Amino acid sequence: MSKPLKQIHLAAHFPGVNNTTVWSDPAAGSHIEFSSFAHFARTAERAKFDFLFLAEGLRLREQGGKIYDLDVVGRPDTFTVLAALAAVTDRLGLTGTINSTFNEPYEVARQFASLDHLSGGRAAWNVVTSWDAFTGENFRRGGFLPQEERYSRAKEFLATAHELFDSWHGDEILADQATGTFLRDARAGAFTHQGQHFDIEGRFNVPRSPQGRPVIFQAGDSDEGREFAAADADAIFSRYATLKEGQAFYTDVKSRLAKYGRRPEDLLILPAATFVLGDTDEEAAELAHEVRRQQVSGATAIKHLEFVWNRDLSAYDPEGPLPDVDPVVAEEHISRGRAQVRMYRDPVAIAREWRELAEANKWSIRDLVINTGNRQTFIGSPATVARTINEFVQADASDGFILVPHITPGGLDPFADRVVPLLQEQGVFRADYEGTTLRDHLGLAHPDTGRRAAAGAERAAS
């Protein structure tokens with residue numbers, strides 16, 4: 001018997017100004033004005049996507065003590081943007097990245113519960129941690145947490161937020177005008193939490209929201225991150241772009257669920273993916289090459305090389321050879337707040353490898369950055385891209401993709417118009433929404449399902 005076709009999950013990542021975005025293109029619009037967010041969200045909803053995703057940045061990154069002007073983006077407050085988008089969309093899920101290192105559970109739980117009410121059950125929280133003291137300088141508590149404490153705090157943060165969400169069961173509001181009784185249970189919202197990171201008690205002042213709790217996303221790729229997702233998340237991001245790597249990640253994370261009493265379908269694997277479309281595969285390949293050249297200017301190439309070399313390389317020609325000097329290995333780094341700094345744990349070895357690559361391929365600095373950095377995941381005609389996406393999902397390399405276009409806000413439109421109809425024709429993507437909440441779109445059970453069933457059984461027995 002053949003395996004039934006999996007349904008593909010698609011989402012849209014509102015891009016920022018960085019090396020995956022061509023902000024200088026005449027077709028590019030604002031990354032701050034609400035009209036850009038609204039256009040992007042409406043396109044995603046028109047295409048019947050599961051959700052829109054917003055990343056978060058708590059500090060502008062620096063290079064050599066100056067704001068990294070190739071990566072400056074006005075990042076409006078996440079909750080403000082998502083609440084506004086709830087008013088111009090009806091079904092699209094609204095996912096925000098909120099940091100667990102520098103926020104507090106009560107505040108974040110209240111904001112997400114409010115967003116879930118305002119949107120009719122479409123809120124999702126991407127739980128992240130912050131790794132550097134550079135970001136911590138923006139906050140009263142300052143500093144940062146070592147890695148082992150970051151995830152310890154994140155786990156307790158999420159558990160505490162769940163206690164706050166669950167302090168309301170959903171049936172407390174009676175609002176009986178005849179008797180003047182508003183609450184059926186005068187203890188509604190009461191909570192007490194005592195733990196390593198949080199010691200709070202009081203009343204949570206937002207009643208049970210349509211989804212009970214927001215959908216939980218997690219983005220960590222470390223062993224701790226994968227375990228955190230297996231225990232508590234509804235979806236996890238993957239950074240693996242090849243079929244084989246995607247399958248390995250998929251198998252590893254899904255295999256961790258059983259120990260927490262969860263099924264494989266309880267956690268979705270959703271990699272981020274870029275795309276370039278053309279009328280033919282050849283045209284798309286040419287356009288992808290052009291896009292990548294636009295994304296990595298000479299100045300950008302030098303800045304990216306500094307991530308590894310940890311020294312000022314502004315005197316080098318981006319069209320010339322790589323530096324023959326070795327990287328500076330030190331705690332203090334020229335590229336403050338850049339995630340790539342963590343990726344290159346042995347910069348001297350990376351530099352040696354890159355020199356060998358450049359020499360073998362006769363690459364300049366710019367060529368090297370273009371060929372070793374982020375690339376478009378899906379390149380081809382609409383038919384080729386639709387087929388490739390479906391192959392990844394059916395081969396269990398993912399459950400779908402979070403698409404990141406290189407143009408804001410109209411970069412998603414070609415995918416919505418040309419690829420989505422082909423996926424619908426293949427029967428692997430919805431023709432219309434079948435539910436109203438994000439949990440409905442993702443095929444996730446409502447957290448109150450078990451409790452409601454138990455309560456019903458108890459009433460029947462009595």
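Axes are lines fitted to C-alpha atoms, for helices over the stretch in contact, and angles run from 0 to 180 degrees between N-to-C directions. Helices (H or I, at least four residues) and strands (E, at least two) are DSSP runs, numbered from the N terminus. The model is predicted, so that local features need pLDDT of at least 70 and side-chain atom pairs count only at pLDDT 80 or more, while totals for chains, interfaces and linings use all residues. Residues are numbered from 1 along each chain as its sequence is written, and side-chain values use heavy atoms, with hydrogens and water left out.

**Packing of α2 with α3**

- Helix α2 packs against helix α3 (residues 105–119) at an angle of about 15°, and their axes are 9 Å apart.
- Helix α2 is therefore roughly parallel to α3, a term for angles under 35 degrees; those over 145 count as roughly antiparallel, 65 to 115 as roughly perpendicular and the rest as oblique.
- The crossing of α2 with α3 is left-handed, meaning that the near helix is turned anticlockwise from the far one by less than a right angle; clockwise would be right-handed.
- Contact (heavy atoms within 4.5 Å) involves Phe79, Leu82, Ala83 and Ala86 of α2, and Val108, Gln111, Phe112, Leu115, Leu118 and Ser119 of α3.
- This contact of α2 with α3 comprises 8 nonpolar, 2 polar and no charged residues; Ala, Val, Leu, Ile, Met, Phe, Trp, Tyr, Cys and Pro count as nonpolar, Asp, Glu, Lys and Arg as charged, and the others, Gly among them, as polar.

**Packing of α1 with α2**

- Helix α1 (residues 34–46) and helix α2 (residues 78–86) have axes that come within 10 Å and cross at roughly 55°.
- The two helices α1 and α2 are therefore oblique to each other, and their crossing is right-handed.
- Phe34, Phe37, Ala38 and Ala41 of α1 meet Val81, Ala84 and Leu85 of α2.
- The contact of α1 with α2 has 7 nonpolar, no polar and no charged residues.

**Packing of α3 with α5**

- Helix α3 packs with helix α5 (residues 147–165) at about 55°, the axes being 9 Å apart.
- Helix α3 is therefore oblique to α5, and the crossing of α3 and α5 is right-handed.
- Pro105, Tyr106, Val108, Ala109, Phe112 and Ala113 of α3 contact Phe157, Thr160, Ala161, Leu164 and Phe165 of α5.
- The contact of α3 with α5 contains 10 nonpolar, 1 polar and no charged residues.

**Pocket**

- Among the 16 residues lining the second largest pocket, Arg213, Asp234, Arg262, Asp266 and Arg439 lie nearest its centre.
- A pocket is an open set of points, on a 1 Å grid over the protein atoms alone, where a 1.4 Å probe fits, with protein on both sides within 12 Å along at least five of seven lines; lining residues have an atom within 4 Å of a point.
- The lining of the second largest pocket divides into 7 nonpolar, 2 polar and 7 charged residues.

**Backbone features**

- Most residues other than glycine have a negative phi, and most peptide bonds are trans.
- Ala175, although not a glycine, has a positive phi of about 50°, and Ala175 lies in strand β7 (residues 173–176).
- The peptide bond from Thr408 to Pro409 is cis, with omega near 0°.
- Pro409 is located in the loop between β17 (400–403) and α14 (413–418).
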